[in-house]
Amino acid sequence: MKKNKYLLKISLFVFIIFIGVMMVYKISTPVLNNKDIKDFKKTCSMEYEYIDKIKFIYNEAGLEIQFYTKDISDNEANHIVRATQKFVSTPNFLDYFSGKYRKKYKNITKHLPNDYVPPATIIIHEENNIVPNFKYSSSTPYINWSSMN
């Protein structure tokens, strides 16, 4: 009986630690998710059947757009980059992201111009591959993307 109580207490403690770690992870990796981004995700998933999932994450270094795909070619990766470029270079997206970034990282942006938007990275992961297969980076206004491979 005492052994069961002891195991229950340990299980409860581990569960509480797990929940705490998950909450810290969610807070430390802010995700962009407004109506335009949801529409972009839906459009890309329908137009490019090899895309499984898309994430827009930002941190101190800037914006990171993660694509999780099936096995793709260089040409298909270029299609993803062009579609993303069209979306993220719009004034609506730049204003939205700039506002979110400024609000989250006030200490970084307080001495920067009001129209500052940090650099962005597109990372394309293929299924069953932990290391990204394709990486591209760009500075504002996200028009010229260069390969980081």
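Me: Is Thr69 buried or exposed in this model?
Reply: In this predicted model, Thr69 is found in strand β2, and leaving aside its neighbours within four places in sequence, Thr69 is in contact with Tyr50, Ile51, Asp52, Ile80, Ile124, His125, Glu126 and Glu127. Its relative accessibility is 1%, and since the cut-off for burial is under 20%, Thr69 counts as buried.

Me: How is Ser146 classed by its relative accessible area?
Reply: Ser146 has its place in strand β5, where, neighbours within four places in sequence aside, its contacts are Lys135, Tyr136 and Ser137. A residue counts as buried under 20% and as exposed over 50%, and the relative accessible area of Ser146 is 40%, so Ser146 is partly exposed.

Me: What separation do the C-alpha atoms of Ser146 and Thr121 have?
Reply: Ser146 belongs to strand β5, and Thr121 lies 25 residues from Ser146 along the chain. The C-alpha atoms of these two residues are separated by 9.5 Å.

Me: Are helices α2 and α3 roughly parallel or roughly antiparallel?
Reply: Helix α2 (residues 35–47) and helix α3 (residues 74–88) pack with their axes 11 Å apart and at an angle of about 160°. Because angles over 145 degrees count as roughly antiparallel, α2 is, relative to α3, roughly antiparallel.

Me: How many nonpolar residues does the contact of α2 with α3 have?
Reply: The crossing of α2 and α3 is right-handed. To the contact, α2 brings Asp36, Ile37, Phe40 and Cys44, while α3 brings Ala83, Thr84 and Phe87. Sorted by class, the contact has 1 charged residue, 1 polar residue and, as nonpolar residues, 5.

Me: Which element supplies the largest share of the largest nonpolar core?
Reply: The largest nonpolar core has 33 residues, and those with the most contacts inside it are Phe56, Phe67, Phe93, Phe97, Ile124 and Tyr142. At least two residues of this core come from each of α2, β1 (51–59), β2 (62–69), α3, α4 (91–104), β3 (120–126) and β4 (134–138). The largest share, 6 residues, is supplied by α3.

Me: What is phi of Tyr142 near?
Reply: Tyr142 sits in the loop between β4 and β5 (146–147), and with a relative accessible area of 0% it is buried. Tyr142 is also among the residues that Phe93 contacts, as are Leu32, Ile37, Phe56, Leu63, Phe87 and Val88, when neighbours within four places in sequence are left aside. The phi of Tyr142 is a positive value in a residue other than glycine, near 65°.

Methods:
Residues are numbered from 1 along each chain as its sequence is written. This is a predicted model: local features need pLDDT of at least 70, side-chain atom pairs count only at pLDDT 80 or more; totals for chains, interfaces and linings use all residues. Side-chain values use heavy atoms; hydrogens and water are left out. Axes are lines fitted to C-alpha atoms, for helices over the stretch in contact, and angles run from 0 to 180 degrees between N-to-C directions. Helices (H or I, at least four residues) and strands (E, at least two) are DSSP runs, numbered from the N terminus. Angles under 35 degrees count as roughly parallel, over 145 as roughly antiparallel, 65 to 115 as roughly perpendicular and the rest as oblique. A crossing is left-handed if the near helix is turned anticlockwise from the far one by less than a right angle, and right-handed if clockwise. Contact means heavy atoms within 4.5 Å. Ala, Val, Leu, Ile, Met, Phe, Trp, Tyr, Cys and Pro count as nonpolar, Asp, Glu, Lys and Arg as charged, and the others, Gly among them, as polar. A nonpolar core is a set of buried Ala, Val, Leu, Ile, Met, Phe, Trp, Tyr and Cys residues joined through side-chain atoms within 4.5 Å. Buried means under 20% relative accessible area, exposed over 50%, partly exposed in between (1.4 Å probe, protein chains only).
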